[in-house]
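Dear colleague,

Please find below the structure that I am handing over to you.

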Amino acid sequence: MTQTTGVLTAPHTAEPVRAPRAGHAWRRGGLVLGVLTLACVLALSIAVGSRTIPLDTVWHVLWHDDGSAQADIVHQLRIPRTLLGLGVGAALGLAGALMQALTRNPLAEPGLLGVNLGASSGVVVAIAFLGLTSPSAYVWFAFGGAALTATAVFALGGSGRFPTPERQVLAGVSITAVLGALVWAVLVTNRGTFDRYRHWDVGSLADRDSDTLLRVAPFLIAGILLTLTLGGRLNALSMGDEAATALGAHPGRIRVLGVAAITLLCGAATAACGPIWFLGLAVPYIARLVTGPDHRWILAYAVVLGPVLLLGADVLGRVLTAPSELQVGIVTAFLGAPVFIALCRRRKLGAL
């Protein structure tokens, strides 16, 4: 690998990977703008709901819990929901960026590669065979399912002499098909499990209390911190295993840490809110448009943009169907589908 002004030559790509034209000042400015947008979305998530409360009342009860019905709504429902969306959005955005970096595949996403469905399989087992009914009780089972699926996808997709991005996606699709068949085999033969699972499977921030947030928060924080430490090493890995080793990195160790982080992030997020599709695909894609291929910046942007998109979709779902609500998993699926189609139409799909 050679480095000249603004150009990194990757030995495993036909063309040099050019550094973005945008400089550090531009990327810092974009990150500050993202943080300001996140602050606005957080405020909207607390102020807007299926039940209309005047803004001055929301502001008053936010700082003075007077025991009124409006104060209960703000403190018991909207604030925990907003904080959960903040953590889950950051987790899914980072998980998508991490999976795309490890596989060097812009199509890699927790849902597309079957990790979300692996977590769902663990939850189905918990409901059907152990009788668990609370989202906070699903965490370890979701972790187990996500860990097994992530390991299987990376093992199958990375096997052979010439692993390719298409093989990684094919492994994810194949495992998703198998897990989907197993999940539905349980659901169609157990009506009680189906009734509880269908409410969880939509993907929603609603009806999650502060206990759910406290259960998953340590795992979300651990996964986020672990992922943020991998930015520089992911840049080395993007040059290929031989170049990464020459730079002093350890490709095997990076992948193990990456899979551990993906398990923490996806397992906790899916256990708390159910499967939420396309967020892990859209966030790194948008971040890369601004930052270029530097994973340190991509991860920083993913922490900010993930909650912006998730909480923005959640607020949109509350406004569009008020006084009822449209679950956030449905809204993100509608918003993420055009991004997926745009990615599929790009010529250099595998060039990360």
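How many of the 16 residues of α4 are buried? The model is a predicted one, and in it 12 of the 16 residues of α4 are buried, so that the helix is mostly covered. Among the buried residues are Val 115, Asn 116, Ala 119, Ser 120 and Ile 127.

The length of α4 can also be checked. Its 16 residues, at 1.5 Å a residue, should span 22 Å, and this agrees with the 22 Å between its end C-alpha atoms. After the helix comes Gly 131, which has a positive phi, near 75°.

Together with Val 125 and Leu 130, Phe 129 forms a nonpolar patch on the surface, with about 310 Å² of accessible area in total.

Thr 270 lies in α11, which covers residues 251-273. With a relative accessible area of 1%, Thr 270 is buried. Leaving aside neighbours within four places in sequence, its contacts are Asn 116, Ala 119, Ser 120, Trp 200 and Pro 275.

I turn next to the aromatic residues. The structure holds 3 aromatic pairs. In one of them, the ring centres of Trp 59 and Trp 63 are 5.7 Å apart and the planes stand at 70°, so the pair is edge-to-face. These two residues are 4 residues apart in helix α2, and are therefore separated by about one helical turn. Trp 59 counts as exposed at 57% relative accessibility, and Trp 63 is exposed with a relative accessible area of 56%. Another pair consists of Trp 184 and Phe 194, whose ring centres are 6.3 Å apart with planes at 50°, so this pair is tilted. Trp 184 belongs to helix α6 and Phe 194 to helix α7, 10 residues apart. Trp 184 is partly exposed at 48%, and Phe 194 is partly exposed at 30%.

Finally, please look at Ser 50, which is placed in the loop between α1 and α2. Its relative accessible area is 30%, so Ser 50 is partly exposed. The C-alpha atoms of Ser 50 and Arg 318 are separated by 5.8 Å, although the two residues are 268 residues apart along the chain. Beyond its neighbours within four places in sequence, Ser 50 is in contact with Pro 323, Ser 324 and Glu 325.

Yours sincerely

Methods: Residues are numbered from 1 along each chain as its sequence is written. This is a predicted model: local features need pLDDT of at least 70, side-chain atom pairs count only at pLDDT 80 or more; totals for chains, interfaces and linings use all residues. Side-chain values use heavy atoms; hydrogens and water are left out. Buried means under 20% relative accessible area, exposed over 50%, partly exposed in between (1.4 Å probe, protein chains only). Contact means heavy atoms within 4.5 Å. Patches are made of residues with over 30% relative accessible area and no salt bridge: like charges are joined within 9 Å, nonpolar side chains (Val, Leu, Ile, Met, Phe, Trp, Tyr) within 5 Å. Accessible areas come from the Shrake-Rupley method with a 1.4 Å probe; for residues, only the protein chains shown count as cover. A salt bridge is a side-chain nitrogen of Lys or Arg within 4 Å of a carboxyl oxygen of Asp or Glu. The expected span of a helix is 1.5 Å times one less than its number of residues. Rings of Phe, Tyr and Trp (its six-membered ring) pair if their centres lie within 6.5 Å; planes under 30 degrees apart count as stacked, over 60 as edge-to-face and the rest as tilted.
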